[in-house]
Amino acid sequence: MLVTFPHMGSAYVTLKALLEDLGVDVLVPPPCTKRTLELGTKYAPELACLPLKINIGNYIESLEKGADTIVMAGGCGPCRFGYYAEVQREILKDLGYRFEMVVLERPQGNVRDFIDRISLLTGGKSIFRVISAIKRATGVSIEMDNLERLGWEVRPREIKKGSASSLMKSFHSEVHGVKGTREINSLIRDYRRRMEQVETADEDILKIGIVGEIYTVIEPFVSIGIAEKLGDLGVEVDKSITLSYWIVNHLIKEALHMHDKREIEEAAKPYLKNFVGGHGQESIANTVIYKKKCYDGVIQLLPFTCMPEIVAQSILPRVSHDHDIPAMTLVLDEMTGEAGYLTRLEAFVDLIKRKKEMARDHEKKLLSRG
Amino acid sequence: MKKSYYLGVDVGSVSTNIVLVDDNRELVYRDYLRTMGQPIRVIQEGIRALRSRMGDIDIKGAGATGSGRNLAGIIIGADIVKNEITAHAVAALHINPEVKTILEIGGQDSKIIILRDGIVSDFAMNTVCAAGTGSFLDRQASRLGIPIEEFGALALKSTAEVRIAGRCAVFAESDMIHKQQLGHKTEDIILGLCSALVRNYLNNLGKGKEILEPVIFQGGVAANCGIVKAFEKELGLEVNVPPHHDVMGAIGAALLSADAAERKGYTSFTGLDIVECEFSVRPLDCKGCANLCEVIEIMKNGEAVACWGDRCGRWSNRMTKLA
């Protein structure tokens, strides 16, 4: 059995660590490239959203390399993601591929069922071993997210341009050579130390929060590497949704009925009282929360035709106005031309920079008067 | 005292505009050229024309904008390379510091820029929908055999507007053909088309935005009085078209370059003799990974001066190291 899974940013690091700890042979799909996209758009329904297409490209590239089992996440709710695994399985079958697909979804009141599915992969290892591997892998996802976050902090401040990006690049090439949660964690920590040592200038920089649909927020191939691009424009970014957030809150806490959505619901309440699927409600709530945390702007990302985020998109101008925080929406699809996106990012950064300068001038005036 | 000037170059998908402003930030020279898919040659031709009109003048700063801004920046040695949204806003604020809304429709894209207290507070840009841009009007004009310059005036002659679908260029075109086959007058259809384009623009870009006066309308399409009228009707506001509406981006770049060069204390402008330089491009098909990036190297007199197009930075970083 050679197990593979779709790419979503650095999520492969966590999945690889988990499966390796469980003694499963893993094939990490080749990184997302134009070929991945081409395969996906060729075989997926034209009207499907972009992540489904990229997933299919990932599977085909992995199956070509000899994988025979696909692990995919599932879900339910008013978002097409819940059907991804089923549709993808049928498409690949029609293409004549032979494989098994294991769908892992949030245990809905039945933790046992979830564990059973995992044992399909692990060949009946004890439930305690599986649970402890999940626990360790969750730790990897948290460490990984912290490393990326540190990269977003360092990039706009680094003195030698490109240091953070080249460290992350070398991490991603080295991680293929190590196995299991223990080794991967120690590699992440090693890179964390190296990232901390990058020489930075203590500049007063701009901060932008990124909200939106989880896949486009996390996968740099479809979001034209927005975190890096903004970093190079001298902006620190934060992503409101990360893999560890998803694992801890949606997989673990919701299964145990411990997921506390009060902060999100409270923040979104004046605008959107209901769950609209995906992370639509979170996009609204996090815009409000970013303002409270003194961020200078918010960028919303969504794949073309994403229903939950379209709901959020139409509310966003109002939130932006009420809370005086500039917000911009970028809709992503299969375009690989970056010029239009870069123009918008640059203009948005210009906008928030000028706004901040004006606010500071105003403050100075008030102080000098006093 | 010899006068000094600032150069602004806006390389767009359809037109390349070159302007000069003087020390008093007044426009003294303007040129509107068709890009014709050959930005490097057009920039050189434009500079040659400028030199023959103005002589060997003292240029103290140069700025580039438009979708070809990076290329233009390399060729002229720009002191500042700015996105077109900021450039358009700077130019409009120069004309009217009170401006609150800028409508801009160019060949391949359209923008709305909202300003408050002299700064950009919000903007939106459309690059995916052809129905809201100038090239769609161009196409329909040529289909009807009407010169684009007369398009707007003809629309104003209409007395009974025909409704045309505005959501999509393909829908609009089939609607137009259908109405024309029913026997509707050309001017009525054209007025309908102007309204459809304005509706599409406002639905696409204006959604959720507070459009307040003063409103400035710029870009090539602002020359079309039918569209101006349609905007005024739809918005219920007065829409102003500045005299140099079609080169506002270049004016913005020139104004920005004046500030940038002043801050730096010198200009990086390569000089008017760039018309004698030999520029060429060398395509490199990178086979480093499955992305197969189409990398381009820009050569000046046989020497590589810039390189871009790679996702990973393997080629472009090499250039920054050289620089």
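Student: How far apart do the C-alpha centres of domain 1 of chain A and domain 2 of chain A lie?

Tutor: They lie 27 Å apart. Domain bounds here come from an automatic or database domain assignment. This is a predicted model: local features need pLDDT of at least 70, side-chain atom pairs count only at pLDDT 80 or more, and totals for chains, interfaces and linings use all residues. Residues are numbered from 1 along each chain as its sequence is written, with chains lettered from A and ligands numbered from 1 in the order in which they are written.

Student: Where are the bounds in chain A?

Tutor: Domain 1 of chain A is 2–135, and domain 2 is 205–368.

Student: How many residues are in contact between those two?

Tutor: 20 residues of domain 1 of chain A meet 24 residues of domain 2 of chain A. Contact means C-beta atoms, placed from the backbone, within 7 Å.

Student: Which elements give two or more residues on the domain 1 side?

Tutor: α1 (11–21), α2 (34–43) and α3 (50–64) of chain A. Helices (H or I, at least four residues) and strands (E, at least two) are DSSP runs, numbered from the N terminus.

Student: What about chain B against chain A? How many residues from each?

Tutor: Chain B puts in 17 residues and chain A 18 residues. On the chain B side, α3 (84–95) and β8 (119–126) each give two or more. β8(B) gives the most, with five residues.

Student: And which domains does chain B have?

Tutor: Domain 1 (4–89 + 249–276), domain 2 (97–244) and domain 3 (279–322). The C-alpha centres of domain 2 and domain 3 of chain B are 39 Å apart.
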